[in-house]
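Colleague: Please show me the model, and let me ask how its terms are applied.

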Amino acid sequence: MFEVLSAKLAEVFRGLSSKGRLTEKDVDDALRQVRLALLEADVNFKVVKDFTARVRERSVGAEVLQSLTPAQQIIKIVNEELVTTLGEGQSHLASSAHSPSVAVLVGLQGCGKTTTAAKLALHLKHSGQRPLLVAADNRRAAAIEQLVTLGKQLDIPVYSEAPSTKSKDICAHALKKAKELAVTWVIVDTAGRLHIDEAMMEELSQVKKELKPAEILLVVDAMTGQDAVGVAEEFHSRVSLTGIILTKMDGDARGGAALSIRWVSGVPIKFIGIGEKADAFEPFHPDRLASRILGMGDMLTFIEKAEKTLDEPRAKELEKKVRTATFNLEDFLTQLRAIEKMGSLGQLAEMIPGLSRLAGRLPDGAEEKQVKKVEAIILSMTHQERHNPGIIDGSRRRRIARGSGVKPQDVNQLLNQFRLMQRLMKMGSRGRLPRNLMGIFR
Ligand SMILES: Nc1nc2c(ncn2[C@@H]2O[C@H](COP(=O)(O)OP(=O)(O)OP(=O)(O)O)[C@@H](O)[C@H]2O)c(=O)[nH]1
Ligand SMILES: [Mg+2]
């Protein structure tokens with residue numbers, strides 16, 4: 001699942017990261033590709049439209065973090081907006097004030113209700129609850145048998161009656177049984193139909209009236225694509241859903257259902273099913289799925305690190321110095337150290353898609369050595385020299401070289417690079433500022 005979408009998005013970001021600065025046109029071109037990739041993944045058009053509009057607004061807006069390159073910033077924004085689309089934060093099961101709490105599972109035929117009922121019961125059992133499964137799908141004897149068998153396998157009690165009994169009566173009796181057994185959760189498996197119809201909705205409303213469930217969970221097959229969105233809206237308007245469980249997330253669906261359903265229906269995704277076995281079931285984490293879709297777990301870790309290391313106030317201060325061209329060698333040293341703190345440069349390079357090729361070519365520790373050398377040179381300078389490198393003449397240069405264990409040419413090279421950087425900054429202060437200062441030294 002999501003492989004095609006991930007690959008397409010990675011391609012878009014690769015294109016961006018080769019650019020030092022992004023124009024509005026670059027952003028628009030990239031977003032056009034993102035939009036296509038999402039539509040091809042069968043994401044609902046309204047979700048795509050809202051999503052790209054939010055990303056665009058933030059990308060061309062004032063949101064500028066000194067510590068990230070433009071491409072990294074866009075990846076960060078896309079990631080955050082994906083999380084928003086999938087639902088902010090984890091949505092937990094809500095229990096009722098009085099035990100037992102009831103969860104009713106609803107959904108179309110074959111979406112995985114019976115399997116999911118057993119999975120949910122097992123999940124609750126593992127977290128210290130005492131669940132009871134209820135076979136309220138009374139249309140087929142085989143459906144009841146399926147749940148009874150699963151209950152036996154998992155050592156979870158199952159309440160069932162002959163198929164002739166009405167669902168709402170089974171539920172009433174089951175509730176009595178639940179109190180007898182002193183269970184904490186009642187999980188109800190209901191009958192599905194091929195299409196939403198009046199009879200099914202009527203039966204569900206009766207069950208709902210009888211049980212006053214804490215949770216009414218719609219089970220949706222992720223393979224059905226964005227058709228699932230219409231199903232969710234319909235169920236929600238009739239029985240007020242409290243959550244969604246997406247099943248078959250282990251399959252090769254394009255991802256349209258997962259990406260569309262929350263945004264359009266407003267109902268949170270609470271769990272996902274990732275296989276046929278009873279333990280192939282997990283609470284849903286929007287942030288984890290977003291980074292899986294982006295296929296850039298490492299990149300996002302890097303961005304987080306960079307943000308933490310070079311915090312915003314510090315970045316603002318640097319930016320001001322750059323703007324007024326008062327950035328000196330001491331500031332340069334601070335930035336160098338901030339980058340160093342983020343880990344080995346080789347490791348960092350590996351995390352960045354565009355740089356990973358370079359990382360392989362670097363002899364081990366070569367960049368670190370270079371950083372250490374620059375650091376040693378700056379540390380051998382006096383305070384005055386760091387703030388006003390212009391005063392460094394031949395004899396000062398020899399002293400600094402001796403102090404830092406390098407050749408006078410190395411000191412010269414650093415000073416030349418720094419002068420070039422200052423020149424670029426002066427240009428930058430007139431509106432052509434390279435965002436990433438370190439970029440100049442590559
Ligand atoms: N791969 C995979 N298969 C699943 C998952 N969840 C359910 N299935 C399979 O989907 C099929 C249908 O599952 P059921 O639980 O019987 O579906 P149902 O909604 O109860 O079906 P009806 O009672 O006929 O409406 C079974 O073969 C399950 O093993 C999942 O997360 N991953
Ligand atoms: Mg079933």
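Modeller: Helix 5 (residues 113–126) gives the largest share of the shell around ligand 1, 4 residues. A helix here is a DSSP run of H or I with at least four residues, numbered from the N terminus. This is a predicted model, where local features need pLDDT of at least 70, side-chain atom pairs count only at pLDDT 80 or more, and totals for chains, interfaces and linings use all residues. Residues are numbered from 1 along each chain as its sequence is written, ligands are numbered from 1 in the order in which they are written, and side-chain values use heavy atoms, without hydrogens and water.

Colleague: What makes the pair of Asp410 and Lys373 a salt bridge?

Modeller: A salt bridge is a side-chain nitrogen of Lys or Arg within 4 Å of a carboxyl oxygen of Asp or Glu. The closest N and O atoms of Asp410 and Lys373 are 3.7 Å apart, so the pair counts. Asp410 lies in helix 20 (residues 408–432) and Lys373 in helix 17 (residues 366–379), so the pair ties together parts 37 residues apart in sequence.

Colleague: Why is Asp410 called buried?

Modeller: Buried means under 20% relative accessible area, exposed over 50%, and partly exposed in between (1.4 Å probe, protein chains only). Asp410 has 17%, so Asp410 is buried.

Colleague: Is Lys373 buried, partly exposed or exposed?

Modeller: Lys373 has 30% relative accessibility and therefore counts as partly exposed.

Colleague: Which residues are linked in a network of salt bridges?

Modeller: Arg54, Arg58, Lys76, Glu80 and Glu81 are linked in this way. Within it, Arg58 and Glu80 meet at 2.6 Å, N to O.

Definitions and conventions. Helices (H or I, at least four residues) and strands (E, at least two) are DSSP runs, numbered from the N terminus.
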